Amino acid sequence: MIEPQSGNLAMGTACLPASGQLPFLATKILPARFGGLVARPRLSAILSELPAKRLAVIKAPAGFGKSSLAAACAEQLEQDGNCVGWLTIDSDDDEATRFLFYVSQALHHACPEVGAGAIGLILENNLIDPTVILSSLINDLAEIDDDVYLFLEDYHWLSASRIHQTVAYFLKHAPSHCHVVLTTRTEPPLSLATLRAQNQLVEIDSAALRFDMQETQAFLDLARPGVLAFADIQLLHRKTEGWPAALRIVASMPSRFGLAFKEYVQSLSGSQRPIAAYLSEMLDTLPVEMVDFMLRTAILDRLSGPLCEAVTGSGSGRTILASLAERRMLLTPLDNDGAWFRYHTLLSEYLRQRLKADRGIAIPELHGRAAGWYASHELWTEAVQHAIAAGDSDRAIGWINNCAMALIKRGDLFTLLEWQRQFPDELLRGQPEVRLAIAWGLALALRSDEALQLATEIENDIAAAQLPEDDLLCACQAIRSVAIALTDDSERALPLAQDCVNRSSDPWTANVASNVVRFGHMQAGDLKQFHATPWMPYSPEEDRRNVFASVYRRCLQGVAEVRQLRLTVAEAHYREGLRIAEQYVGTHSVAAALPTSLIARILYEQGHLNEAETLVIDRASLINSGTMLDCVRSAYFVMARVAAARMNLERAHTLLERAESHGISRDWGRLTAAATAERARLYLNEGRVDEGAACIDRLEQLARKYPAPRPCAWSEIQWDHKLARAHLLGQRERPEEAMSILRELQRETEAAHHRYFLIRVEILISALQLRLGKATDATNRFRRILAACAGGGLYQIILDAGSVTSDLVQMVQQSGSISTQLMSYVDRLLSDSQRAQQDRLVPTFRSPALHALSPRETDILTLIAEGQSNKEIARSLYIGPETVKSHLKSVFTKLGVERRAQAVSRAQTLGLVTTQ
């Protein structure tokens, strides 16, 4: 207790006629001091608007950093010369006179000219009208020129309507240089809507108070420097959802708990101490019926009033959920209407663990009620999940039938395939529609053998039952065509798919089959039939439900346009496919991965190497595991060519070896051949003729294994072999034989309307003509090549052809017979090709920025590539974690990257670290 800020007050108390004494705690008007706070400029930017506003409301549950943010703001305002009053409210302050007494003391402490009269009025008569007290305060405030800020901490303790009326009165009548800041766990009953309309309100909620990724990293660098690798920091941020209290608890984890800090973070859950202890204390402040409600609804991934009432069997579910939302009890809204919520991940884990320990609650019964509610609203995916959790296999299988195809159509293959794993075949035997959807999933997930086997079993069951199931049989045939097409056997898949297009009345089956037909016609070189293949248009709503078919179609359209050297049109198709996938399925989905590498290939061909590489790196695992051959081939093409362009041939060969292995494991001859041909090209350009010849021998074996008597997907295997062989013959001074092969290849690619591959053939013909002394023919041919490439948007293909292109480009430039439009393209090519030729003689892939890399930065790069964390790197190099962090930022800047995965890949392609 200390003496209040008034000359006639006794030590620690104030005498009141009606109540005797009024206790006064000086600590209530002093803001708490917080050490080691992380700078949060984005929140400071929001609060910087406060001088122009009446009120700021910082609203969030416990542990979200409301107090620390408010205290930091108050400290900054005070340092800037403002008058800053602070009041920490508790439950004893829920009485108007006591509240105003402390407000007056807070303002008087901040500004001695304010509040003495109000304090005196209260001491004389504690029954005085609060408006009189407020009038005294407001009049005092009107007499000073400085801005005054009043912070009311923990406003949620106040429930008396008279207090809220006094605060509203103050906000309305105080002079414009007076500002109020509230921190609260609940929505304050003030006229916030009016203040919003008047642009007089600043609001910061729990969503804004959550640490973002940068703030999480900054906090951990301060609290536990160098302990966690970036990937572990990302994991911790994801698990805590940026909840500051949880991050502080985790950061303060002592070593006596027996687990290494990294292992603790990786296994972190809401059921583990000390997170569980904190959550337990939080729930202890709630009414028993509210905690019981939370336990029973913990089985739900999302909450709504009606759903919670169905699960708990109580009619008060809406009221309790609204109360939890009002209390901001780690409840995240999922819509703008306040109808759906979810528990914070850690709270959900804690509640579920506590629910399991409560023997008085039958968990399967809760899941059964949830399943019934979801089924009654035809939300089949959730209904199935809860039926499985309830152990009700019969209902689950019945409901799977209602959602299985919907999952497939939107590209959620693995949910359905996981359900399949949970049920024995006998239970699924009587569900042909479910088994059909599973077969679709297996086919699209590239599990072709399993898909073909299941389709055959379904057909046999239909035949045995002698049922007229034409639609099912047609779908089985479409599945068979998809499975075969995704193994790259376009010739065998085409007639199967064509029959389905003609027979099927189902838009999904017909359109997926039409994609296979397009694929077959494109690989056969029949572009007229490719464009004539029908497609049943989807409405925007159907587009959302049929994501996979729509994205595949746009990818195929783009591939066909690239073959015609129409890269701008192709890119538009790819990006439309990417838009559909990201909008309806998500950024990190197989559907979104499909067009990504194809876009990267176009970026590469346009000469945007860094952008192309970054695009592939970010989704490499999804591209490799779940996309079609052309997507995987484009990804490896981009990464290997970028490495080669930077003269890191070791890295390029390593990537191509992986591509070969990938092709062999999937039985994708076209991928294996493309990778082998690319390795042959690199070896021959390096003058390593024997290694190149060995690659061409392997290509010959592939050409025999995948024959193409008629134009089909495997024709490209034959072309890769022929082009590589012609290149080898040219190196061995046998240009006539090489020319004969190239003329044959020229006719085949022209007949197949594959102008992109034809460009590669024409470039090699030009080089051979130059070698044979036919300079004029070579120049004229290369001029036509340049015009075609410039018109189609191709650039890098010329530079990749090798040193001979520099001579050819120069000859075209000197011939003088080129258009003004083509001149700038030729000038740029000549400059870049001459630079590339110099790089081949003396590799200069270490740009000036990379030359600036210190030996220490190079060491750190190497250790990053080995997967070491900052702390591990610090130990290895005998330096501090902060030093590692500083070097790492410098490396990121010099490499032009933002993430570790990008840094590793960029470093490998630049030859800065050894490829494993």
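**Exercise 1. Find the bridge partner in β6 of Ile 58.**

Solution. In β6, Ile 58 has Thr 183 as its bridge partner. Strand β3 (residues 55–59) and strand β6 (residues 178–184) run parallel and are joined by five bridges. Strands here are DSSP E runs of at least two residues, and helices are H or I runs of at least four, numbered from the N terminus; two strands pair if DSSP finds at least two bridges between them.

The model is predicted: local features need pLDDT of at least 70, side-chain atom pairs count only at pLDDT 80 or more, and totals for chains, interfaces and linings use all residues. Residues are numbered from 1 along each chain as its sequence is written, and side-chain values use heavy atoms, leaving out hydrogens and water.

**Exercise 2. Determine the strand order of the open sheet and state which strands lie at its edges.**

Solution. Step one: the five strands follow the order β4-β5-β6-β3-β7, with parallel pairing. Step two: β4 (83–88) and β7 (201–204) each pair on one side only, and these are the edge strands. Step three: neighbouring strands are turned by 15° against each other on average, direction ignored. Angles run from 0 to 180 degrees between N-to-C directions, with axes fitted to C-alpha atoms, for helices over the stretch in contact.

**Exercise 3. Identify the strands that helix α2 lies across.**

Solution. Helix α2 (residues 66–79) lies across β3, β4, β5 (148–153), β6 and β7, and runs at about 155° to β4. Helix α3 (residues 96–110) also packs on the sheet, where it touches β4 and β5 at about 150° to the direction of β4. Contact means heavy atoms within 4.5 Å.

**Exercise 4. Classify the packing of α30 and α31.**

Solution. Step one: the axes of helix α30 (residues 547–563) and helix α31 (residues 567–584) come within 7 Å and cross at roughly 165°. Step two: angles under 35 degrees count as roughly parallel, over 145 as roughly antiparallel, 65 to 115 as roughly perpendicular and the rest as oblique. The two helices α30 and α31 are therefore roughly antiparallel. Step three: the contact of α30 with α31 has 11 nonpolar, five polar and three charged residues. Ala, Val, Leu, Ile, Met, Phe, Trp, Tyr, Cys and Pro count as nonpolar, Asp, Glu, Lys and Arg as charged, and the others, Gly among them, as polar.

**Exercise 5. State how many helices and strands the chain holds.**

Solution. The chain contains 50 helices and nine strands.
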